[in-house]
Amino acid sequence: MWNYKPTKHMPKNAAAKPLASAFDGNTALSNYMNGMQQLYSLPNAVANQWVEMVRNVNSPASNQTKGLEDKKAQDEKVKLNSPFVGGVSPQDMVKLFSKVGGQVICKPAVVLEETNKLAKELTAAVANPEALEVEKGDRRFRDDAWDRSPMHKMAMHGYLAWSRAINNMIDHVELEDKDVQRARYLSSLVTDALSPTNNLLSNPAALEKLRESGGKSLMEGFQNFAKDISENNWLPAQVDKSAFQVGENIAATPGDVIYRNDVLELIQYAPTTPLVHERPIMFIPPVVNKYYLLDLAPGKSAVEYLVNSGFQVFMVSWRNPTREHRHWGLDEYVTALEEGIEAIRSITLMDEINLYAACTGAIPMAALLGYLAAKKKKYVKSATMVVAVLDSNEKQSLGLFASNEAIAMAKMKSRYKGVLDGEEMGRVFTWMRPNDLVWNYWVNNYLMGKKPPAFDILFWNNDSTRVTAKLHEDLLDVFSLDLLKVPGGLTVKGEPIDLKQVDCDIYMVGGQTDHISVWKGCFNSAKFFGGDSEFVLHSSGHVQSIINPPGNPKASYMHNAKGAKTSDEWLAGASKAQGSWWDHWAGWLGTRSGDEKAAPYKLGSNQHAPLMRAPGAYVLEK
């Protein structure tokens with residue numbers, strides 16, 4: 001370690017040679033660095049590190065992307081991480097914080113500026129408790145107890161001022177935009193964890209609950225904590241699972257399993273209208289989730305909505321794979337889907353069907369469409385994709401922390417285990433939104449001593465599934481190498497595919513605040529196909545864009561009948577409509593579903609007799 005004490009009598013150029021030569025042509029910077037080296041007696045090795053760091057910061061290529069004026073708009077959603085890559089490694093954290101720390105050292109004026117701002121805000125908070133407002137959407141301090149306790153309110157304002165100062169400092173250092181976003185995310189993990197709401201003594205609402213309950217809330221909180229340690233991998237439980245039973249009050253739309261292979265079960269739903277459209281639709285759920293996100297509780301089910309609207313609906317229910325299925329990749333999933341289509345064509349006596357895929361379900365669906373086009377099989381009339389991105393989306397699909405090394409490590413881990421574990425993927429999703437999915441339940445379950453809520457979406461989200469090692473590898477390659485975007489980039493069952501040869505109509509839905517499938521990536525993905533496409537932008541996030549039943553007065557979506565080449569052009573010419581995109585979609589789908597006919601009086605057929613009642617067996621596998 002070097003000596004940090006200044007040496008006043010050091011010879012003028014005793015240790016400055018590496019710095020003097022490094023900044024020829026930049027006298028001010030050279031003098032500054034020479035002075036720093038002499039003042040703190042920095043050895044040449046350390047000085048060289050400073051040289052490299054400052055040279056990179058001041059390079060023309062770096063400066064082109066610097067400055068607050070070049071940063072993305074605050075409402076631009078950026079994907080932080082991907083469950084396919086895994087969590088942020090300690091090495092990435094150390095590397096990034098070292099980079100930020102190095103930039104801070106080179107910009108002492110920024111530190112002083114933000115320190116002065118923080119001091120002023122803290123002084124103002126003491127003089128005027130209303131001086132600092134809580135940001136819109138921050139629900140941590142919404143309890144009235146914060147207003148009733150001046151001391152706790154002062155602590156709240158101090159915390160908010162400090163966390164904002166951290167973000168401001170990161171924004172002002174000269175880093176590439178992605179590094180700024182990475183740093184903000186990692187720093188938020190720390191600042192969110194240190195929020196006064198997460199501590200019993202600094203949370204006035206929890207203290208009031210403790211006093212009112214006579215200590216019962218604390219005892220119940222300890223019980224909840226002990227239960228989560230043993231049953232929930234040390235994370236606070238997000239949902240009361242005892243309130244739901246698959247097939248009873250969730251995944252409850254009546255139907256039968258009419259086909260099964262090793263990879264999937266196929267459910268046919270019972271019609272509820274005397275007439276139905278002759279051309280059926282097959283739902284393909286995400287490959288990383290149970291299917292019943294699309295058949296949630298009554299009133300929230302896309303399946304129920306379409307059945308009640310006179311459509312013939314079939315659903316794919318993926319098997320929950322184990323180590324013995326490690327070799328299943330896109331080829332096996334495409335084969336299974338094609339077999340499902342053959343069964344539907346046989347039952348309905350229709351040559352063509354419609355398809356629907358949500359999120360990662362769109363990858364095997366796109367591979368299937370490309371394969372069918374290559375084989376000249378005209379099986380699909382239209383394809384609907386919801387919050388689905390089919391490429392790297394300019395390196396965003398796998399998140400800000402994806403690198404060649406991280407992707408290779410993720411593949412190696414799943415090859416060793418045979419599967420990518422569902423709980424592991426769930427943890428990555430959880431820590432993408434820690435305030436909502438971790439600390440919110442920490443306060444509710446442990447500090448307040450309450451049970452987690454009975455919420456159907458969270459029940460589904462916690463009913464995890466696994467992904468086979470081979471499919472995991474295929475998905476990583478699709479997202480990192482743009483295999484579906486490049487003609488012939490992906491080979492399915494021995495056939496090089498080209499999505500431009502897929503001429504069916506496409507209906508694509510994006511979520512305006514979606515942080516998982518960023519909407520501009522969804523828009524661009526619809527352009528990969530050769531047929532006509534229509535894009536709709538829903539006003540909410542990922543899951544809310546999938547589950548969008550009519551009747552919500554706050555719901556809205558945007559559409560552009562003229563279309564556009566780019567997402568920005570599309571947005572500029574789009575118009576807003578109130579209500580659910582489901583209604584708009586049902587009209588679009590109806591025109592592609594053929595004439596109406598009498599509803600079938602029984603499910604399945606002689607060749608495909610019902611095997612069991614919905615929801616089937618595969619969805620119940622753990």
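Colleague: Let's start with two helices. Is the crossing of H5 and H9 left-handed or right-handed?
Modeller: Keep in mind that we're looking at a predicted model here. H5 covers residues 90-106 and H9 covers residues 177-193. The crossing of H5 and H9 is left-handed.

Colleague: Are H5 and H9 roughly parallel or roughly perpendicular to each other?
Modeller: The two helices pack with their axes 10 Å apart, at an angle of about 110°. Angles of 65 to 115 degrees count as roughly perpendicular. That's why H5 and H9 come out as roughly perpendicular.

Colleague: And which residues of H9 do the H5 residues meet, and how do the contact residues divide into nonpolar, polar and charged?
Modeller: On the H5 side, the ones involved are Met93, Leu96, Phe97, Lys99 and Val100. Facing them from H9 are Asp179, Arg182, Ala183, Leu186 and Ser187. Taken together, the residues of this contact divide into six nonpolar, one polar and three charged.

Colleague: On to charges. How many salt bridges does the count come to?
Modeller: Side chains of opposite charge can pair when their charged atoms come close. The rule asks for a side-chain nitrogen of Lys or Arg within 4 Å of a carboxyl oxygen of Asp or Glu. By that rule, the number of salt bridges is 30.

Colleague: Show me one. How far apart are the closest N and O atoms of Asp138 and Arg140?
Modeller: Asp138 is partly exposed, at 21% relative accessible area. Asp138 forms a salt bridge with Arg140, and their closest N and O atoms are apart by 2.8 Å.

Colleague: Which parts of the chain does the pair Lys375 and Glu495 tie together, and how many residues apart are they in sequence?
Modeller: The side chains of these two meet in a salt bridge, at 3.7 Å from N to O. Lys375 sits in the loop between helix H14 (362-374) and strand E7 (380-386), while Glu495 belongs to strand E11 (residues 495-496). The pair therefore ties together parts whose separation in sequence is 120 residues.

Colleague: What about Asp474 and Lys470: which helix do they lie in?
Modeller: Their side chains meet in a salt bridge, with 2.6 Å from N to O. They are four residues apart, about one turn of the helix. Both lie in residues 469-481, which is helix H19.

Colleague: Which residues does Leu337 touch?
Modeller: Leu337 is in helix H13 (residues 330-348) and is buried, with a relative accessible area of 0%. Pro364 is 27 residues away from Leu337 in sequence, yet their C-alpha atoms are 8.4 Å apart. Leaving out residues up to four places away in sequence, Leu337 touches Leu264, Met282, Ile284, Val316, Trp318, Pro364, Met365 and Leu368.

Colleague: And Ile353: how far is its C-alpha from that of Ala383 in space?
Modeller: Ile353 is in strand E6 (residues 353-358), and at 0% relative accessible area it is buried. Its contacts beyond four places in sequence include Met282, Ile341, Tyr379 and Lys381. Ile353 and Ala383 are 30 residues apart in sequence, and C-alpha to C-alpha the distance is 9.1 Å.

Colleague: Now the backbone. Is the peptide bond from Ala614 to Pro615 cis or trans?
Modeller: Most residues other than glycine have a negative phi, and most peptide bonds are trans. Pro615 is in the segment after strand E17 (612-613). With omega near 15°, the bond from Ala614 to Pro615 is cis.

Colleague: Last one: what is phi of Val387 near?
Modeller: Val387 is in the loop between E7 and helix H15 (404-417) and counts as buried, at 0% relative accessibility. Asn233 also has a positive phi, near 55°, but is partly exposed at 42%. For Val387, phi is positive too, near 40°.

How values were computed: Residues are numbered from 1 along each chain as its sequence is written. This is a predicted model: local features need pLDDT of at least 70, side-chain atom pairs count only at pLDDT 80 or more; totals for chains, interfaces and linings use all residues. Side-chain values use heavy atoms; hydrogens and water are left out. Axes are lines fitted to C-alpha atoms, for helices over the stretch in contact, and angles run from 0 to 180 degrees between N-to-C directions. Angles under 35 degrees count as roughly parallel, over 145 as roughly antiparallel, 65 to 115 as roughly perpendicular and the rest as oblique. A crossing is left-handed if the near helix is turned anticlockwise from the far one by less than a right angle, and right-handed if clockwise. Contact means heavy atoms within 4.5 Å. Ala, Val, Leu, Ile, Met, Phe, Trp, Tyr, Cys and Pro count as nonpolar, Asp, Glu, Lys and Arg as charged, and the others, Gly among them, as polar. Buried means under 20% relative accessible area, exposed over 50%, partly exposed in between (1.4 Å probe, protein chains only).
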